[in-house]
Amino acid sequence: MASRLATNGQALRAAEEGLWLHGEAARLCGPAFTAGELAHAVQAAFRECLE
């Protein structure tokens with residue numbers, strides 16, 4: 001969320017985007033994952049939202 005806040009400067013929007021990215025990354029990981037796997041999946045989720 002901090003990176004989203006630094007990008008757009010709007011706290012509410014950063015929170016919404018951060019929450020969406022976290023949830024989408026979890027969806028991409030499947031039912032069981034580690035924190036490291038989730039962190040890597042955030043990159044894929046972000047790319048997906050740009051398409």
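Ala 39 is partly exposed, with a relative accessible area of 46%. Partly exposed lies between buried (under 20%) and exposed (over 50%), using a 1.4 Å probe and protein chains only. This is a predicted model: local features need pLDDT of at least 70, side-chain atom pairs count only at pLDDT 80 or more, and totals for chains, interfaces and linings use all residues. Residues are numbered from 1 along each chain as its sequence is written, and side-chain values use heavy atoms, with hydrogens and water left out.

**Fold**
- The chain has three helices and zero strands.
- Its pattern along the sequence reads α-α-α.
- Helices (H or I, at least four residues) and strands (E, at least two) are DSSP runs, numbered from the N terminus.
- The C-alpha atoms fill a box of roughly 35 × 25 × 15 Å along the principal axes.

**Ala 39 in place**
- Ala 39 sits in helix H3, which covers residues 35–50.
- Ala 2 is 37 residues away from Ala 39 along the chain, and their C-alpha atoms are separated by 14 Å.

**Packing and surface**
- Buried residues make up 22% of the 51 in the chain.
- Among contacts (heavy atoms within 4.5 Å) with a separation of 6 or more, 17% join residues 24 or more positions apart.

**Charge**
- The chain carries 4 positive side chains (Lys and Arg) and 6 negative ones (Asp and Glu), with His and the chain ends not counted.
- The centres of the two sets lie 4 Å apart, with each charge placed at NZ of Lys, CZ of Arg, CG of Asp or CD of Glu.
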